[in-house]
Amino acid sequence: MTITEVPQSAAADTPVSHPPSTVSGAPARVSGAPAAVSRTQKRNPDKPGRDRLMAALSLAAAFGGTLVGVIGFAMSYDTLAKVALSWGFSEGLAPWFPVGVDASIIAFLALDLYLIRKGTPWPLLRMAAHAMTGATIWFNASSQGSIQADPVKAASHGVMPVLFVIGVEAARRLIIQKARLEAGTAADRIPLHRWILSPFATPRFYRRMRLHGVASYPEMIRRQQELIGYEQWLKRTYKGDLGKASEDERLPMKMAAYGYTVSEALAMPEQQEREAEKRAEEAERRRLDAETRRELAQKQAEADRLEAEGRLEAVRARVQGETGQARAHARAQVSAAERAAEWEEGALEMAVIAEARAREAEAERKEAQEREAKAAADLEAAELERQAAEKRKEIAEADRVAAAEADAVETRTIAEARRVAAEANRVAAETERAASEERRAAAELDANKAEEEARREAALANALLARKAAAEAEMAAAEVRLAAAEIERRAVETEDAAKLRPRERAVRKVARMILTAAGGEADRLPLADIQRELEVSSPGTASEYRTEAAELLAQGYRP
């Protein structure tokens with residue numbers, strides 16, 4: 001509603017809300033001011049009759065509006081169809097011209113009412129409908145010729161569309177008011193008599209209602225009366241001199257221009273004090289929260305520091321343990337090397353002894369060979385002697401025969417003596433031959449024993465030489481392990497000084513293993529050795545360590 005609209009009178013029984021309570025000492029109600037009307041109205045005994053009357057009026061209005069609309073559109077259709085023919089429309093299109101014009105009016109107004117019902121009005125639809133209505137009125141009024149020549153005739157043709165628009169506007173107003181009542185935002189109108197009796201103050205009164213968002217006219221009256229009554233009470237309290245009143249007591253007059261009631265203005269200092277206290281409490285709470293968070297952060301930082309120190313101590317203990325283990329391993333390797341050296345020395349002594357024994361065996365073997373040769377010579381001499389004995393026997397036999405032939409006169413006794421002597425020579429020759437055989441067998445047995453002893457001494461010498469080679473290899477391995485342990489110790493000390501992470505230490509350890517155990521070739525280092533040294537269970541992790549170690553060696557890493 002604008003100022004230029006004509007106000008309607010408010011109902012006499014419009015409910016008025018109770019005034020808010022005032023501060024202590026303020027008057028409850030100004031003398032002569034009308035009392036507030038109760039929010040609840042008395043039950044109207046004639047309400048059923050009024051409802052029936054309103055229903056009848058609604059039906060009459062709906063029927064009458066529809067009838068007026070139908071008649072207006074029928075007359076407009078016939079008139080506009082003729083106008084379309086006179087304007088050059090074809091006989092097929094001329095009947096559709098009034099349908100398009102009048103249907104646009106109905107469509108725009110219906111859509112406007114629908115959007116109002118949904119709470120999203122669009123003024124352009126209403127203006128478009130009014131524009132088409134004006135065009136319809138103009139087309140109907142000008143269809144009978146010049147409007148100036150016969151204005152009454154022109155008005156008779158244009159009045160029906162006007163009546164239809166008036167009916168639609170009435171329905172639109174009813175729908176808007178109903179929606180406001182349902183939403184609780186319906187505004188009371190200022191009574192017409194106020195505009196008449198106070199034409200200069202009422203516009204300012206209406207302006208304050210709209211500026212302060214007061215939809216109820218009685219509520220605005222109550223506020224104005226309350227402000228005037230409070231001002232009169234202050235004047236009476238301070239003998240008409242409002243300058244003596246405090247700033248808090250003069251707040252209602254100052255804040256009235258901003259839509260504050262007396263109660264709200266008087267409650268402002270206390271409310272602001274409460275809000276200030278709340279702000280102070282909130283600030284104190286935030287300060288305490290900040291202190292708490294700061295203390296928590298400090299404690300967390302202290303806990304992190306202690307945890308870091310604990311991890312550092314654990315790493316240090318682990319490194320010291322590994323270093324001690326490496327040193328103990330190195331010492332064990334050195335001790336093993338010393339024992340190997342001692343064993344090697346003993347082995348060398350045994351080798352010298354074995355060599356001496358081998359020389360003795362060789363000498364004994366040569367002596368046996370000499371004895372065997374001597375026995376063979378004796379055997380040959382015995383054989384020769386046997387042959388000589390046989391020759392002598394033959395000679396003796398020949399001599400005997402010859403003697404028998406030559407000396408036939410020898411006696412039988414002499415012949416027998418010679419035979420006995422020959423037999424004795426034969427037995428002596430056979431005995432000598434048997435002794436020679438025994439000496440030859442003894443020489444062969446001594447030769448076999450000498451050869452067996454020589455082979456035994458040679459095997460012992462070979463075993464001693466193998467042990468010596470093994471001792472030398474073990475000594476070399478011990479020296480390599482000692483050098484590796486020394487390298488590992490220096491590497492661990494270097495890593496401790498560099499404060500490397502556990503993974504970096506593991507990668508460097510694998511790199512050292514590649515250098516010492518695989519000859520610098522990463523693929524030759526088995527993953528099982530990496531898993532055993534680093535105590536990891538996954539071959540994939542061991543492979544990653546080996547790959548990173550190879551890259552580290554390619555970058556020039558040397559322990």
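This is a predicted model: local features need pLDDT of at least 70, side-chain atom pairs count only at pLDDT 80 or more; totals for chains, interfaces and linings use all residues.
Q: Why is Arg-505 called buried?
A: Buried means under 20% relative accessible area, exposed means over 50%, and partly exposed lies in between (1.4 Å probe, protein chains only). Arg-505 has a relative accessible area of 9%, so Arg-505 is buried. Arg-505 is found in helix 11.

Q: What does Arg-505 touch?
A: Contact means heavy atoms within 4.5 Å. Not counting residues up to four places away in sequence, Arg-505 touches Val-315, Arg-318, Val-319, Val-492, Glu-495, Asp-496 and Leu-500.

Q: Which residues of helix 11 are buried?
A: They are Arg-505, Ala-506, Val-507, Val-510, Ala-511, Arg-512, Met-513 and Ile-514. Across the protein, buried residues make up 24% of the 559 residues.

Q: How do you know what span to expect of helix 11?
A: The expected span is 1.5 Å times one less than the number of residues. Helix 11 has 16 residues, and 22 Å is expected. From first C-alpha to last, helix 11 reaches 22 Å, close to that value. Just after helix 11, Gly-519 takes a positive phi of about 65°.

Q: What span should helix 2 have, and what are its end C-alpha atoms apart?
A: Helix 2 (residues 96–117) has 22 residues, so the helix should span 32 Å. Its end C-alpha atoms are 31 Å apart, which agrees. Buried residues in helix 2 include Phe-97, Val-101, Ile-105, Leu-109 and Ile-116.

Q: Why is helix 11 called roughly perpendicular to helix 13?
A: Axes are lines fitted to C-alpha atoms, for helices over the stretch in contact, and angles run from 0 to 180 degrees between N-to-C directions. Under 35 degrees counts as roughly parallel, over 145 as roughly antiparallel, 65 to 115 as roughly perpendicular, and the rest as oblique. Helix 11 (residues 502–517) and helix 13 (residues 539–554) pack at about 75°, with axes 8 Å apart. So helix 11 is roughly perpendicular to helix 13.

Q: Which residues of helix 11 and helix 13 meet?
A: Among those of helix 11 are Arg-503, Val-507, Val-510 and Ile-514; among those of helix 13 are Glu-544, Tyr-545, Ala-549 and Leu-553. For classes, Ala, Val, Leu, Ile, Met, Phe, Trp, Tyr, Cys and Pro count as nonpolar, Asp, Glu, Lys and Arg as charged, and the others, Gly among them, as polar. The contact residues divide into eleven nonpolar, no polar and five charged.

Q: What makes helix 12 and helix 13 roughly perpendicular?
A: Their axes come within 9 Å and cross at roughly 95°. The pair is therefore roughly perpendicular. Leu-527, Ile-530, Gln-531 and Leu-534 of helix 12 make the contact with Pro-539, Ala-542, Ser-543, Tyr-545 and Arg-546 of helix 13. These residues divide into six nonpolar, two polar and one charged.

Q: Why is Glu-535 called exposed?
A: Its relative accessible area is 72%, so Glu-535 is exposed. Glu-535 sits in the loop between helix 12 (527–534) and helix 13. Its phi is near 60°, a positive value in a residue other than glycine. Most residues other than glycine have a negative phi.

Q: Is Lys-239 buried or exposed?
A: Lys-239 counts as exposed, at 73% relative accessibility. Its place is the loop between helix 7 (217–237) and helix 8 (251–255). Phi of Lys-239 is near 55°, again positive.

Q: Why is Gln-387 called partly exposed?
A: Its relative accessible area is 37%, so Gln-387 is partly exposed. Gln-387 is in helix 9 (residues 262–406).

Methods:
Residues are numbered from 1 along each chain as its sequence is written. Side-chain values use heavy atoms; hydrogens and water are left out. Helices (H or I, at least four residues) and strands (E, at least two) are DSSP runs, numbered from the N terminus.
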